[in-house]
Amino acid sequence: ALRGWLDARGWVEVQTPLLVEGTCPDVAVGSFEVGGAGYLVTSTEYQIKRLMAAGADGAPGMPQVYTLGANFRPGDIGERHNPEFTMLEWARAGATMREVEAEAEALIRGAWEALGRPEVRRGGVKIGIGEAWERRTVKEVLSAVCGAPVGGFGLEALRGAVARGGQGLNVPEAFTGEAQDLVSWLLAEAEAGWGGVTGAARPMWLVDWPAYMTPSAARDPDDPEVAIRSELFIAGLEIADGFPFLSDAALQERLFEEERARRARLGLPEVTADRRYLEALRRGLPPGAGMAMGVDRLCMILTGAAEIREVMAFAWGDR
């Protein structure tokens, strides 16, 4: 159903490498290094955008591309995490973020209809996939968690909201030194409650993210501390994440270096960023937007599975 929806509307499926020379330097994304050959791919975002960018001879790139295959990220192994997982990623030249959100909604509803199930439930909760989906900003969610308005994404603004709020938050000291860490902790607190609602639960778009948490997304022209990014949650599970293209090669390179420097401060492994992606940006990437969707987690939602291993023929421990 996912492939059929995209194929019928002009997207072209491409097969991209599982082993790549450069990887994502984002501190929130781990990479499997394979000897001296490179890294197992964490996402096909860079490869898709390379195909969409102008060629070395000036030829135009591909306007609509998608991939559906394995990605790899080391980390927790649990009910919703597996280091090898299946991702659908698609992008379209000229698309706005709202249009890509609508594409994601159509894809998920189409998959649900293909299963022929009258309703979807997770943990006894009915999921309102056929209803209007919710939309909240990161600042709204952080304000609710803190119990006080969050006016900005700077560290002092966040600390101030935590201190003013009446929620009695006990933030671990390890998460209070940098704004990105504090936002991550507060969002994790919010996520813990999103899957435990009673009655009908509608899918929710979480939008307008701190720019420092999304190094490859376009910035809001009216607020440079905000990145235009949409993350989809259904019954407490993060299902999809997307944003408009950041096509400024110099800015992208600077953001990559900032992430690499932050990795060093945090004692994380040094990684090589994707230089071919930066070269493609210098040749010219048209305006557009794209999204990545976790197919295993979508299968969990649509089938009512409690753990990700239930929708995998071979989970990590079965290798």
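Is Trp133 buried or exposed? Trp133 is buried, with a relative accessible area of 11%. Keep that residue in mind while we walk through the whole chain. One caution comes before the tour: this is a predicted model.

Start with the overall build. The protein chain holds nine helices and 15 strands. Its C-alpha trace spans about 60 × 50 × 45 Å along the principal axes. How does the radius of gyration fit a compact globule? For 319 residues, such a globule would come out near 20 Å, and the protein chain has 20 Å, so the two agree.

Buried residues account for 50% of the 319 residues. The protein chain exposes about 14,500 Å². Carbon and sulfur atoms supply 51% of that area. Charges come next. The protein chain carries 33 positive and 46 negative charges.

How does the chain meet itself? Take the contacts between residues at least 6 apart in sequence. Of these, 65% join residues at least 24 apart.

Zoom in on helix H2, residues 45–52. Six of its eight residues are buried, so the helix is largely enclosed by the rest of the structure. Which residues of H2 are buried? They are Glu45, Tyr46, Gln47, Ile48, Lys49 and Met52. Strands E2 (19–20), E5 (64–72), E6 (84–93) and E14 (237–244) are among them. Helices H7 (249–266) and H8 (275–283) also belong to the cover.

Ring pairs link Tyr46, Phe256 and Tyr277 into a cluster.

How many aromatic pairs does the whole structure have? A search finds six. One of them joins Phe32 and Trp316. Their ring centres are 5.9 Å apart and their planes meet at 25°. Planes under 30 degrees apart count as stacked, so this pair is stacked. The pair links distant parts of the chain, 284 residues apart. Phe32 sits in the loop between E2 and strand E3 (33–34). Trp316 lies in the segment after helix H9 (295–303). Phe32 has 22%, so it is partly exposed. Trp316 has 19%, so it is buried.

Trp133 now returns, with a partner. Trp133 and Trp205 form a tilted aromatic pair. The distance is 6.3 Å centre to centre, with 35° between the planes. This pair, too, links distant parts of the chain, 72 residues apart. Trp133 is in the loop between strand E8 (125–127) and strand E9 (134–137). Trp205 belongs to strand E11, residues 204–210. Trp205 is buried as well, with a relative accessible area of 2%.

End the tour at Gly69, in strand E5. Recall that E5 is part of the cover over the buried residues of H2. Gly69 itself counts as partly exposed, at 27% relative accessibility. Which residues does Gly69 touch, leaving out those up to four places away in sequence? Its contacts are Phe85, Thr86 and Met87. Ala132 is another matter. The C-alpha atoms of Gly69 and Ala132 are separated by 29 Å. Along the chain, these two residues are 63 residues apart.

Notes: Residues numbered from 1 in each chain as written. Predicted model: local features only at pLDDT ≥ 70, side-chain atom pairs only at ≥ 80, totals over all residues. Heavy atoms only, no water. Helix = DSSP H or I, 4+ residues; strand = E, 2+ residues; numbered from the N terminus. Rg over C-alpha atoms; globule rule 2.2 N^0.38 Å. Buried < 20%, exposed > 50% of the residue type's maximum accessible area, 1.4 Å probe, protein only. Contact = heavy atoms within 4.5 Å. Areas by Shrake-Rupley, 256 points an atom, 1.4 Å probe, with all protein chains shown as cover. Lys, Arg positive; Asp, Glu negative; His and termini not counted. Charge placed at Lys NZ, Arg CZ, Asp CG, Glu CD. Phe/Tyr/Trp six-rings, centres within 6.5 Å; stacked < 30°, edge-to-face > 60°.
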